[in-house]
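This briefing summarises selected computed features of one protein model. The sequence and structure are shown first, followed by points grouped by topic.

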Amino acid sequence: MARIQEAEIERLKAEVSLLRLMESAGVELRKQGKDYSCRCPFHDEATASLIVTPLKNLFHCFGCGAAGGPVDWLMKFEKLSFRAAVERLRSELGLGTTPAPNAPLATGKLKAAPLPLGDDADGQAALRQVLDYYHETLKQSPEALDYLARRGLHHPELIERFKLGYANRTLGYRLPNKAWKEGQEVRGRLQAIGLLRESGHEHFNGSLVVPVIDRQGVVHEVYGRKIRDDLRAGTAYHLYLPGPHAGVWNEEGIAASGGEVILCEALIDAMTFWVHGLRNVTASYGAEGFTDDLLAAFKRHGIKRVLIAYDRDEAGNQAAEALAERLTGEGIGCFRILFPKGMDANEYALKMAPPDKALALLVRKAEWMGEGKSAAPTSAPVEEPVAGLPLAAAVAVSEPAAALLPEPTLASPLPAAPVDDAPIEQSDAELVLAYGERRYRVRGWKKPLNPEALKVNLLVSKAEQFHVDTFDLYQAKARAAFIKQAGIELGEAEDVLKHDLGRVLLKLEELQTAHLQAALKKEDEAPALSDAEQAAALALLQSPDLLARILADFDACGVVGEENNKLVGYLAAVSRQLDKPLAVLIQSSSAAGKSSLMDAVLALMPEESCVRYSAMTGQSLFYMGETNLKHKILAIGGLHGGAAGQRAPARHEIGWRTAR
């Protein structure tokens, strides 16, 4: 018996997906971070202890210690010898087998319900049944769903409407044994259709499967895209059924387009537009794959304008130019959707946020590709569009042209006007916001004057269901926990609640910022002087008996005597506008008139320039803004060394200081 080469064993370990092998055996796997977990089939257990690591293509059970790669799994699960397991995997990869000369290869079959296939002449029944099987396989495959999520296409409606599927090398286990006549006939029909190769292996193995089905349910084409990007050199990542391309993907969208359609280079790009709301979209079969079927569909549904969304690379640009020339000759106006250089629609959408608005903006900025006059339909003449103008400008050249090229509808929606999340109730105690049937009540948002925290009490309700919690909205884990629990209580999708919570956070940031600014902002409330008042003020300042007039004002206020102290206090107060203002400290025994003197001085100053406190510590200054006391008088009255509830000393002080 020939010895199996070590290099071949290593190749099997690297190229056979352990994850797909276990799925085909009916093992239920659950995503756990980057790995997957399941209950170990090799011993009895209540909780999952077997971990599969796709990056290393290995499994390990923490219960019974079973571990290894694809070969080890097959040996243990199917109870095969090492050689038998290797031969099975070699057969799956289409590498041929080297069975023992006198012993049949031990085989174990993965138990699954048989897949009856129709025997109609054109193979449509068999094709639809296999596609239905692929469709169900996709919905149960974490690996395939992860791929859709990475491409931004994990969209339930997309999966259901277009019957997306996944070929994971398990179709053969659902067919009759190939040693039987029935099995040979079934495989022969699938080979004639193109779903199986002559080697017996699935044509779309390891691929996302996208059928092209017409409005009567006839399958014309099937596209496959490998979901792994680390396959060996020379592997084809894009696959189709044998023979010429046929059919039109999403003809319903073309029929409802209102005369305008987006044309992509690949189905992945077309589905990207579709999931982001641009539903009148279809695709060629590659850069050079625009077919007569597509052109016939455009004419059948009255398409007047095609927005070519081919890849922004050399091949895509050349193909777009050639296609525009062909379509223009058919009387169809062409515009080019310009992605950044080197990008396609899917890559662009994945890098932009929000992708729907980014794609809609590119559509509206599409550039006219026509040269000269377009052929006119029999119903109306065609005026010459202005080359190089944006879409909206080109359409508005003349009335006949506007009739030929109607205003964009589905393919180029105008961006929605910004929505102001105006609260339906707002008070010092709480804030209430409503989004659809969901009502959010927020309490405590005014308490913290700290821009780095937003701790609130948040209640979300829908009809009679509600969830309430107190947490910091800036903590991602706290938000996630709130969303998860609220989704359970309200029966609402977590994506919807996540979007709502983002709007609540932004609204609270807006309100809290305004509140902080109002608390910290210095407002110049000094009244403006009239010409007469300004002249009177200058006359006072220039008066040779200014000091006498100041003392007279004090006397008029009822403060008699203390002339020197009154003048010193007055000068200190008015020095607030100087770079080096004065400070005053008044010391005297109790009831000597300190407060009366300070009150008299401050009464002669502008009210907005005086800040008065009965007591203040040095630390309290740190809670004020840098400009809160600028050019103001800080007046403090209190007991020297005393505190509330303590006996006061014999000497008392008050004072004031002006700040620069």
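Predicted model: local features only at pLDDT ≥ 70, side-chain atom pairs only at ≥ 80, totals over all residues.

- Helix α20 spans residues 546-556, and its buried residues are Ile 550, Leu 551 and Phe 554.
- These residues lie on the same side of α20, because the arc they cover around the axis is only 95 degrees.
- An α-helix has 3.6 residues a turn, so residues three or four places apart point the same way.
- Just after α20, Gly 558 adopts a positive phi of about 95 degrees.

**Nonpolar cores**

- The largest nonpolar core has 45 residues, of which Leu 138, Leu 164, Trp 249, Ile 262, Phe 273, Ile 337 and Phe 339 touch the most other members.
- Helix α10 (residues 267-275) contributes the largest share of this core, with seven residues.
- Another core, of 27 residues, lies apart from it and has Ile 9, Leu 12, Ala 25 and Val 71 among its members.
- When residues up to four places away in sequence are not counted, Leu 138 touches Ala 144, Leu 145, Leu 148, Ile 159, Leu 164, Gly 165, Tyr 166 and Leu 208.
- In soluble globular proteins, nonpolar side chains tend to be buried together.

**A nonpolar surface patch**

- On the surface, Leu 571, Val 574 and Leu 582 form a nonpolar patch whose accessible area is about 240 Å² together.
- Leu 571 belongs to helix α21, which covers residues 563-574.
- Leu 571 counts as partly exposed because its relative accessibility is 44%, which falls between the limits of 20% for buried and 50% for exposed.

**A buried histidine in a loop**

- The loop between α8 (181-193) and β7 (207-213) contains His 201.
- His 201 has a relative accessible area of 18% and is therefore buried, the cut-off being under 20%.
- His 201 and Leu 171 are 30 residues apart along the chain, and their C-alpha atoms are separated by 9.2 Å.

**The protein as a whole**

- The secondary structure comprises 22 helices and 23 strands.
- The protein has 660 residues, of which 43% count as buried.
- Of the contacts between residues at least 6 apart in sequence, 56% join residues at least 24 apart.

How values were computed. Residues numbered from 1 in each chain as written. Heavy atoms only, no water. Patch = residues over 30% accessible without salt bridge, like charges linked within 9 Å, V, L, I, M, F, W, Y side chains within 5 Å. Areas by Shrake-Rupley, 256 points an atom, 1.4 Å probe, with all protein chains shown as cover. Salt bridge = Lys/Arg side-chain N within 4 Å of Asp/Glu carboxyl O. Helix = DSSP H or I, 4+ residues; strand = E, 2+ residues; numbered from the N terminus. Buried < 20%, exposed > 50% of the residue type's maximum accessible area, 1.4 Å probe, protein only. Core = buried A, V, L, I, M, F, W, Y, C linked by side-chain atoms within 4.5 Å. Contact = heavy atoms within 4.5 Å. Arc of directions from axis to C-beta.
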